[in-house]
Amino acid sequence: MKRWLLLVSSAVLYLAAFPPLNLGLLVFVALVPLLLALDGATARESKLLGFVWGFNVVGFQMIWIPKLVTQWTGNAPLGILPLLVCAVIGGGYYVLVATLLRRCLELKWWWALVFVWVGFEVVRSYIPGLAFPFFLTATPLWPYPALIQSAFIGTVYLVSAWVVVINILALFFLTKVSFKATRPYIAVSVIILVSSLLRFTQPIKGTATRITAGQPGVDMAFTARNEQDAKLFGNVEYISARARGNRSKLLVLPEGVAQSDGFGVPVTPFRVDPDLPILFGGMRVEMSGEIKKGTTMSSKRYQSAFTLNKGKWEHVDKARLVVFGEYVPGRNFIPFLSQFKLSDQDLTPGAETKSITAGGIKVGPMICFEGLFWDVAHKQSENGAQMLAVMSLDDWYMGTPAPDQLRTAAVWRAVETGLPVVRAASTGYTMGVDQRGKIINEAPLGKAFALHLRVYLEDNPVKVPTRALFPWAFGIAFPIVSVLLWRRRSAA
């Protein structure tokens, strides 16, 4: 009973740190009850504890799925099935994690707790077909940018590691571990904290630049196309007028506001002013082949970012696609797939992550889901981008915690790259974030709004190529530490 009470306490603390409660500082102690529950447990108990923890935490984090499926298909019971599948997969994940954590505790390999927990976060973020870097341990710290500046050196995963170290210190305190064993963990946690605070106090450099993030205020997920286009026509015209009045150097609109004519030119339901630099997302169709008698042309569809540069349209294609949203792995082997009314044609990922010049600014476009991935932002930084532009369409899951986590990702990408982030969404969250992760301003949810931002752009922002080493190191360490723990067990 004690173990189960500890397990429940850990899950409740962990979930309370995330949206909608946003009690972020709880992550510093949320893992302690889980570790106490696993300490001394049998192999069978640890597997069961891990499954229940993962099933409930992952299930709650994916609670937006039933609402999305219900609205899309009109079938409420059908929405429960994918949620249960996700929860079971999550439970399976943490069977493995809990087994490894128990061995770490048994062997008193405290350091290995960090590599098991964070290493698995990296692995599950990049599993082919299931890559989904949601609810990472460090995520809830986004409202406290002074605490997360180490992400500039080592990404969000380094901050997750720091959080785990502090959980270990709390475990030491409760289990009365000797001060000698505690000292290295105190030193690491203090060094990371102090370096973060020092970076946070550094002044932001660059030229002050006016940018407008346009929020059309139109539900572009569940509104009929003709009605949607009519509203976009008037609302974007209003936003554009406000951007011109603000003398903005660039107007950023969300994704999904344009369709393709089949030849790479976006077709918009609103007027594009050639004198107002603009960046937005939309569908791009690439036709191939020749029209011959008895044959048809083939096509590839992309989600792309578009800008009008000197009278010519330029584009960058989305490289990270949403599983089951933009492509379906194993499409021909999944039963009942037709019931979910998914598109019968997958989108094509872009060949590479590229930047684009819009309004004389080198911008790193990130389309919706891409905003969750540190490596996309890092690549844009390496491309020489002066700012990141996240173009999103979150209407599919408004009213659930999902848009909140997508919103937090903008803060993390700003801190990691040291670049300002402008986020434009159809009904929200539309916002600007400075290089230290501080929110400059936000638009009210659900309204047509022209959000004027003053961002600081550098001609040659600092690049940190070694930033990529940390996620790779944690990801590679996970299987290595797992093997070491297994071999030690076998020897025992």
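**Note on cavities, helix packing and the open sheet**

1. The count comes to four cavities of 30 Å³ or more, where a cavity is a set of points, on a 1 Å grid over the protein atoms alone, in which a 1.4 Å probe fits but cannot get out. Grid points are joined across faces, edges and corners, and a volume is the space filled by probe spheres set on the points. The model is predicted: local features need pLDDT of at least 70, side-chain atom pairs count only at pLDDT 80 or more, and totals for chains, interfaces and linings use all residues. Residues are numbered from 1 along each chain as its sequence is written, and side-chain values use heavy atoms, with hydrogens and water left out.

2. The largest cavity holds about 120 Å³ of space. Its lining has 16 residues, and P133, L136, T139, L372 and R413 lie nearest the centre; a lining residue has an atom within 4 Å of a point. Two or more residues of this lining come from each of α8 (151-175) and α12 (402-417), and α12 gives the largest share, five residues. Helices (H or I, at least four residues) and strands (E, at least two) are DSSP runs numbered from the N terminus.

3. By class, the lining of the largest cavity has twelve nonpolar residues, three polar and one charged. Ala, Val, Leu, Ile, Met, Phe, Trp, Tyr, Cys and Pro count as nonpolar, Asp, Glu, Lys and Arg as charged, and the others, Gly among them, as polar.

4. The second largest pocket contains about 240 Å³ of space. Of its 14 lining residues, R199, K205, R436, E458 and V462 are the closest to the centre. The lining comprises six nonpolar, four polar and four charged residues. A pocket is an open set with protein on both sides within 12 Å along at least five of seven lines.

5. Helix α4 (residues 43-61) packs against helix α6 (residues 80-107) at an angle of about 140°, with the axes 6 Å apart. Axes are lines fitted to C-alpha atoms, for helices over the stretch in contact, and angles run from 0 to 180 degrees between N-to-C directions. The pair α4 and α6 is therefore oblique, given that angles under 35 degrees count as roughly parallel, over 145 as roughly antiparallel, 65 to 115 as roughly perpendicular and the rest as oblique. The contact of α4 with α6 involves 13 nonpolar, eight polar and two charged residues.

6. Helix α6 also packs with helix α7 (residues 110-125), at about 165° and with axes 8 Å apart; α6 and α7 are therefore roughly antiparallel.

7. Six strands form an open sheet in the order β8-β9-β10-β11-β12-β13, with mixed pairing; two strands pair if DSSP finds at least two bridges between them. The edges are β8 (356-358) and β13 (439-442), each with a single partner strand, so one side of each has no neighbour in the sheet. On average, neighbouring strands of this sheet are turned by 25° against each other, direction ignored.

8. Strand β11 (residues 421-425) runs antiparallel to strand β12 (residues 431-433), joined by three bridges, and V421 stands opposite V433 in β12. Three bridges also join β12 to β13, again antiparallel, with V433 opposite I439 in β13. The hairpin of β12 and β13 has five residues between the strands, and G437 takes a positive phi near 90° there.
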